[in-house]
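Colleague: I have a new model open and would like to learn how to read its features. Could you walk me through it?

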Amino acid sequence: MKRKRKYVSMGVLLTGFLLITLFLFYSFNLQQSAVKSIIPKHYEKEYVMIAEGEDSQFWQNVYKSGQKEAIKNDAYLKWMEKDSSEAYSMEDYMKIAIASKVDGIFIHPDGSTTVRELINQAQEEKIPVITLVDDDTQSDRISCIGLNAYQMGQEYADEINQYVTDKTKHVEVLLDEKDTANNDIIFNQMKSNIHTSKSEEGTLSITALDIAGQNTFDSEEGIRNVFIDNKNLPDILVCLSDTDTQAACQAIVDYNQVGNISIIGYYLSDTVKNAINKGIIQSAIVPDTDQIGKQAIDAMSEYSKNGNVSEYTSITLNVVTKDTIRHDTEN
Amino acid sequence: MKNLLSKFGNLSIQTKLTTLFLCIALNIFAMDIFVCFKVNNSIYEINQVYSSNVDTNQLNDTLNEMQSNLFDYLSTRSSSALESYYGSEEKYNDYVLELNDSATDNEVLNLERDIHYMSQTYIESADKTIQEKRGGDIEKYKTLYEKTNQTKQYITENINNLNNLHFKQNAMQYTILLGELKRIEWISFGIVLSAAAISLIFIYMFTGNLIAPLIRLSESARKVAGGDFSVQIEIPSSKDEIASVTVAFNRMIISIREYIGQIKLNMEKEKEMQERELLMETHLKDAQLKYLQAQINPHFLFNSLNAGVQLAEMEDAEKTCLFLERMADFFRYNVRKMEEETTLGEEVEAVDNYIYIMNVRFSGEIQYERKVDNSLFAAKVPSMILQPLVENALNYGIHDIEWEKKISLEVKCRKNTIILTVADNGVGMTKERIREVLRGKAKEKTNEKDSTGIGIDNVKSRLELYYKRENLLLIESDGMNKGTKITIYIPLTGGEKQDVSNTFGR
């Protein structure tokens, strides 16, 4: 009995000590975890990307790949539009970037003179500027990672030719870019290479519709207007941006024109991929967004190391159809 | 460790208890300190939570102040405005220098970096504006002011963003810290409770160890009080006061046991000596008796006395006849061996015969009062216990008095005790004399002619031997000439016949 009492007492003592140790350990860990802030990683350089359309999957992918590549090169890539709560214009972002003395700017220029001047100002302030997708050759930018307008026009033409039949009368190309020079090249290239002979009596008309407005949602309204006018519905609709392609997907369903109008879009967002699978749109011209981001950062790094870089880097264009999607899925 | 425990065990109880309570107090004090520290720490951190917002607001205020001073100077060109501008510029610069200036993957730090460099651009631009103002180039300073103003707007926007981010983070941090404070409260409660439990266990174990020897000691003391002297307590390993008491107690028990043994031995020896003395007295009496008997053949005496009785009857000498009969009876009774037991009735008869004989000799001077309970006559008693007392009363009490001689004999029973009382109205006895008689120190003249030779102390000793008790005989006297009363108390159930002679192999 006495021994049993002794063991019980020892047991309670040990339990008490154990509890106290656990409590102390837990309380210290608690304090540390409560005030623990993640130690930030510092980078040597800060780059900014200025590209309107922070909701666009295209630019999101470009940014992601760019950021990944930047980290490998001891740099941090910031997307100005994404990180800002104010709705600044491209000029404002350029001014902010220049004032912030960033180490490099990647911009998707809108072709305006103001932006061009700001690119030049940045260069004067020893901030290298690289243009993405579209170029501003008149500016002092150091390089362009872009889509060759001629190549793009050719690709579109090839794709359009797939859907031109003897009943095809009208091909509408939607222009949503402020950079009219680029658009002109693409459109002209398309026009030159579309085989009009297939259509009846060669009366295939290829027109460009400028839906780029002053306001944010003007392009979407413009696309809807195309479908409202029943009499002038195109047989083939060509979109040159991912936003236009998605808007066109929605509009063709809303206006019940699936099967009546062939759509050739731009960029493979999830919506577009889905639409291709369902046959709502026929195909999409897809630039390799990973390549854009990666090549941009590599060019900037090369410039920063060597003081010069290649003037232009072309990005691969792919054509995505239902078959290619199925093929990729099976693999 | 064992050494330490042993040393601790050898400390005094006061030291041990003081040490224990000191340890407990320190334990509780330490826990309290810990709890206070943790809580204070948490409160301090909570207070610090919104300090980043305060700093950011100060940055914004200073920027506004700087812009305002710039505007004042450009508007008024006063030296005080310029001085204020430089003052606020320096202050603003100090704040800016504290901001992060490198690219990171942290949104807050990146904002700080942007603010840092934009502020530098702003300050450069503002300085240039002032220079142009002082230089008098209106267009240039106006353009520069616009640029400065716009940069200031960008900075303000970024500061607001930073403030919001800080606020969000701080709100989260505040909630986390509040939660942590709550958890720390519970943890502290748990720790204090555990510490209290540990302290209680320590106290329980320690006091248990301390008190265990005391409990054993008290248990043993209780046994000893109950008469069990065979207990022996295990001596504790410590050398404190309890160990000392335990050792002393053990020694005391051993001493008591030895003392008891010694007393028993002494009592046995004393008893043996008493028995031997009694036996010797008996032998002496026996020898005397034998001597007498050798002188006078008892049968011849009885027969002669009987012949005398018959002769007296024949001569119608009734008184003589009665006297001789009484004599014969008396002598017959007197020569019995003292180791024989007899009945109370025979004892009373012997007294009656003796008084009769003495009264004849003393011409009826002796007033004999007899109050006896006949129902007790069958009780077994040692022989020759009453007659010696009566003889004593006669020879020493009333023999030489000048007033009426009285002797009384009372036999009664009270609560299973037979009370035999022999009283006289003689010269009485002093207390000293009573003591001497009872101790057997009084020298009795046993060789006197009128004595049967059996003293009071003999009667007392034989009674004690027979009944195996003491204090069976009581002598009372109120003093000189106040008479004497001797009382014998004997149990109604009887005693044990003592064959004293056989003890000595007679």
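Colleague: Let me start with a strand. Which residue stands opposite Ile490(B) in S8(B)?

Modeller: Opposite Ile490(B) in S8(B) stands Ile418(B). Before going on, note that this is a predicted model, in which local features need pLDDT of at least 70, side-chain atom pairs count only at pLDDT 80 or more, and totals for chains, interfaces and linings use all residues. Residues are numbered from 1 along each chain as its sequence is written, chains are lettered from A and ligands numbered from 1 in the order in which they are written, and side-chain values use heavy atoms, with hydrogens and water left out.

Colleague: What counts as a strand, and when do two strands pair?

Modeller: Strands (E, at least two residues) and helices (H or I, at least four) are DSSP runs, numbered from the N terminus. Two strands pair if DSSP finds at least two bridges between them. Here, strand S6 (residues 417–424) of chain B runs antiparallel to S8(B), with 8 bridges joining them. On strand S7 (residues 473–477) of chain B, 5 bridges pair it with S8(B), again in the antiparallel sense. Within S8(B), Thr484(B) has Ser477(B) opposite. The hairpin of S7(B) and S8(B) has 6 residues between the strands, and Gly479(B) takes a positive phi near 130° there.

Colleague: Is strand S8 of chain B largely enclosed or open?

Modeller: Burial is the thing to check: buried means under 20% relative accessible area, exposed over 50%, and partly exposed in between (1.4 Å probe, protein chains only). In S8 (residues 484–491) of chain B, 6 of the 8 residues are buried, so the strand is largely enclosed by the rest of the structure.

Colleague: What does a parallel case look like, say around S2(A)?

Modeller: S2(A) is joined by 5 bridges to strand S3 (residues 75–79) of chain A, and the two run parallel. Tyr47(A) has Leu77(A) as its bridge partner in S3(A). S2(A) also pairs in the parallel sense with strand S4 (residues 104–107) of chain A, over 4 bridges, and there Val48(A) is partnered by Ile105(A) in S4(A). Strand S2 (residues 45–50) of chain A is mostly covered, with 5 of its 6 residues buried. As a general idea, side chains in a regular strand alternate between the two faces of the sheet.

Colleague: How should I read a positive phi?

Modeller: Most residues other than glycine have a negative phi. Met384(B) has a positive value, near 55°. Met384(B) lies in the loop between strand S4 (380–382) and helix H11 (387–398) of chain B, and it is buried because its relative accessibility is 3%. Asn471(B) also has a positive phi, of about 60°, although it is not a glycine. Its loop runs between helix H13 (456–467) and S7 of chain B, and at 67% relative accessible area Asn471(B) is exposed.
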